[in-house]
Amino acid sequence: MKNIELNLSTQVNINIYLDEYNDYLRLYEMFGDAEYQIEARKLKDRVQRMLQRQKNYQKFIELLNDSKKATWSSKHTG
């Protein structure tokens with residue numbers, strides 16, 4: 001029975017988004033323009049959604065693998 005694995009290439013690399021978030025925060029601190037703060041908040045929300053999707057995907061893969069194990073063992077334990 002082959003397990004489905006979470007491929008590292010499917011995981012989202014959030015470092016780019018976090019760098020951009022930090023840049024907007026710095027700009028807001030330097031200039032006080034609310035637009036920078038709004039953009040930073042949008043990026044933060046986006047990263048949180050991406051992390052939640054990744055977490056949900058990992059749970060799905062685990063459930064799928066557990067389900068396959070249960071099906072396989074019930075077929076072979078007779």
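I take the expected span of a helix as 1.5 Å times one less than its number of residues. Helices (H or I, at least four residues) and strands (E, at least two) are DSSP runs, numbered from the N terminus.

The model is predicted: local features need pLDDT of at least 70, side-chain atom pairs count only at pLDDT 80 or more, and totals for chains, interfaces and linings use all residues. Residues are numbered from 1 along each chain as its sequence is written, and side-chain values use heavy atoms, with hydrogens and water left out.

Secondary structure. I found two helices and zero strands in the protein. I checked helix α1 (residues 15-31): its 17 residues should span 24 Å at 1.5 Å a residue, and its end C-alpha atoms are 24 Å apart, so the two agree. I then looked at G32, which follows α1 and has a positive phi, near 70°.

Aromatic rings. I looked up pairs of Phe, Tyr and Trp rings (six-membered ring for Trp; centres within 6.5 Å; planes under 30 degrees apart stacked, over 60 edge-to-face, the rest tilted). The structure holds one aromatic pair. Y24 and Y36 form this pair, tilted, with 6.3 Å centre to centre and 35° between the planes. The pair links distant parts of the chain, with Y24 in helix α1 and Y36 in helix α2 (residues 34-77), 12 residues apart.

Burial. I used relative accessible area with a 1.4 Å probe, protein chains only: buried under 20%, exposed over 50%, partly exposed in between. Y36 counts as partly exposed because its relative accessibility is 25%. Of the 78 residues in the protein, 10% are buried.
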